[in-house]
Amino acid sequence: MSHPGAVTHEAHAHHELGFLRTYVFSTDHKMIARQFLFLGLFMMVIGGILALLVRWQLAWPETPVPGLRPFLPETEGVIPPETYNMLFTMHATIMIFFVIMPILVGSFGNFLIPLMLGARDMAFPKLNMLSFWVGAVAGAVMLAGFFVQGGHAAAGWTSYAPLAAVPSYTGTNWGQNLWCLSLIILSASSMMGAINYITTAINMRAPGMTFFRMPLVVWSLFITAILALLALPILGSAAALLLFDRTLGTHWFRPEGGGEPLLWQHLFWFFGHPEVYILILPAMGVASDVLSTFSRKPIFGYRAMVYSLIAICFLSWIVYGHHMFVSGMDPRVGIAFTLTTMVIAVPSAIKTFNWLGTLWGGNIRFTVPMLNALAFVGMFVIGGLSGIFMASTPVDIFIQDTYFIVAHIHYVVFGGSVFGIFAAIYYWFPKMFGRKMNTFLGHLHFWPTFVFYNLTFFPMHVLGVGGMMRRIYNPTQYEFLQPLQPINVFITVSALLLALAQIPFVINFFWSLFAGPKAEPNPWRANTLEWTAPSPPPHLNWGASIPTVYRGPYEYSSPEVQEDFLPQTRPLAGARAGTGHH
Amino acid sequence: MKWFYWTGWLPENVSTYGRDIDFVYEVIYWITAVTFILVAITMITFIVKYRHREGRRAIYSHGNTTLEIVWTIVPTLILVVLTILSVPTWARIKNQIPQSDLKIKVMGKQFNWEVSYSGPDGKLGTEDDIKFDNEIHVPVGKPVVLVLTAKDVIHSVFLPNLRFKQDAVPGREILGWFEATKPGKYEMPCAELCGFGHSGMKGWLYVHTPEEYAKWAREYLGSEGTKS
């Protein structure tokens, strides 16, 4: 792919390829990145609406939802319990598999890995295209589930067996089958992407780009790809077994035929905990790069940041049992999982302190991506600390399956991953689309999002400590939860405002896409390689030759130069390509 | 204040080991709260102090090994202490099920708790078991062993006031126990999604004084209920 001779030939590629090959069945990693981004943002709208419906029911149980009457004529717009179960099941499924993974891993993985490593494209461009389209099919299959008789899957995003293994237990038939099928297809898509990312990171780095000169966002995507390659096959296999139980009469998870319900949980969480890190590691990488750029300062403890990513990669496989402390798993095993879970908190703590260290002594610019990255750090700290409650087995007895868990997961995947997504979009938008986003609208999006995000999710800790179970349809059915009901109303109002706060983002995104001011190649005065390519980068990214790398990615405010940044590609007297990192 | 001092929201504890759980909870609460406040203060200080000003240049530093070793070791020690604090309480609750002559079988089924006391033969799980729907009666101050199982899907017995939660899994019999410290009527919801009727699937735990319990047992179990 990267032989220089290809360039002159490909200069006219845009005209030669035509619409279909350029925008639909493209093998260009940047176009595939845009496709994943649009897929994820579209799905985010659906996932968000599902969440609001869940919140409506929890605040004002069994009252008609405004505008829902045409969809639920039999109940005059009131959400029935089986529909409610479907709503939260699909909210989580869509947000995890079709929003955060496609955007952070699919889109930014595709966009950044070749551009930041100085490659002209991914190692396997056709496989890359296949990965997107297989992922799109998985999305279509998942959405099709909303239109089948009996409704979509309603056994929770965890689809615990036997509830999900026998159609009559939930009353959903093809909905749950399509859920399984979609995830089997999606796991194939993720594996294709992961193989591509790993191969590209190992084999296609530009001259001088040693492993320890890779930006942390690339490191995090590389580690994420390893996790995805190993974890997604487990999900695909488990979903296949569940589908066999449902349709072929096997008894993998059904005790009446000798099956074991807990086997599902072991398989699901053996996938599921690495999956949590698949969702958060890329956001950590984004935050690291954005914090360093806008603090105008090298990242604090680069090597420790890399080693902590690698430590998380290994440890994430041996902590999953903390999801199963009260499942009936042998309690002695629980003790081992407590220990490993406490241990995995250490690399996360190291990363947090290194982010603070990066801010220390900086010259901080409060751009919109920086605000989102700072929010990421703050929210990730809360999400990480609340995880310690769950790691402690005795405390977990009480908070397992309560809103404390719901609060924790949303501090990690919304406060963490989604603020990471916003930081990434605001930061790389000029490179991806060649136009700048509007700063005022960016602030108008960030500040209300930050405030209402916390007003929505922080009180959920309180609900959890009060004992409110997750996944219940109507909290007012329980005497001990009735005093907590005003909090549910408060949360729902905040959630509605949080949704409204996304309007400036949508306007900003589409307005900037078509009418934003043209972006120069390096609008943030950043060091990494993607900023040496034009905005947006052409097919094959660079002109006649690919960049040569002379140093690490975070040489901000270096005494060697007058400006406060020193791009990886700028040769200085005495610097040689291929020499060690600072 | 209660918004931030979460312990105030915990339901009243009426079990012996509930105190131990609440203690570990309290320790973690204070450690995490103080950690968060320190991190937040540091972060806000840095954000304000090191905000961009014309003519200033950021410090050119790649890190500090001593500092990094300190902030690796300190959290590790804290987490080791929390592990050491957690394990004995967990072992006491889950590994050391006390001997008790009051064994009650609780079977979850969509969407009820079927509660069985042993009948005249003194054995659980036989024909003559005496069954109740959604209510458990126990005496105060006496360890009670629950035998949990499920008929169809996984359910979870949650007794917020007793700090008791244990999944009931079809095909398995899982033991759990508690000792109530205060007579009263306590709600017993199902905590694991079990189908469209999950919400509202609940029972009641009646904790009686020994005299009241004996009276109830005579009436409903046909015995004193201590050795049934």
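**Notebook: chain A overall, then a sheet in chain B**

I began with the size of chain A: for 582 residues a compact globule would have a radius of gyration near 25 Å, and chain A has 24 Å, so the two agree. I note here that this is a predicted model.

I then looked up the box around chain A. Its C-alpha atoms fill roughly 75 × 50 × 50 Å, taken along the principal axes.

Next I checked the secondary structure of chain A and found 17 helices and zero strands.

How much of chain A counts as buried? I read off 63% of its 582 residues.

I also looked at contacts in chain A between residues at least 6 apart in sequence. Of these, 81% join residues at least 24 apart.

I turned to chain B for a sheet. As a reminder to myself, strands of a sheet pair through backbone hydrogen bonds, either parallel or antiparallel.

In chain B, three strands form an open sheet in the order E4-E10-E9, and the pairing is mixed. Which strands lie at the edges? I found strand E4 (135–139) and strand E9 (184–189) of chain B there, each pairing on one side only. Neighbouring strands of this sheet are turned against each other by 20 degrees on average, direction ignored.

I followed E4(B) to its partner. Five bridges join it to strand E10 (residues 202–208) of chain B, and the two run parallel.

Key. Residues numbered from 1 in each chain as written. Chains lettered and ligands numbered in written order. Predicted model: local features only at pLDDT ≥ 70, side-chain atom pairs only at ≥ 80, totals over all residues. Helix = DSSP H or I, 4+ residues; strand = E, 2+ residues; numbered from the N terminus. Rg over C-alpha atoms; globule rule 2.2 N^0.38 Å. Buried ≥ 20, exposed ≤ 12 C-beta atoms within 10 Å, placed from the backbone. Contact = placed C-beta atoms within 7 Å. Pairing = 2+ DSSP bridges. Axes fitted to C-alpha atoms, helices over the stretch in contact; angles between N-to-C directions.
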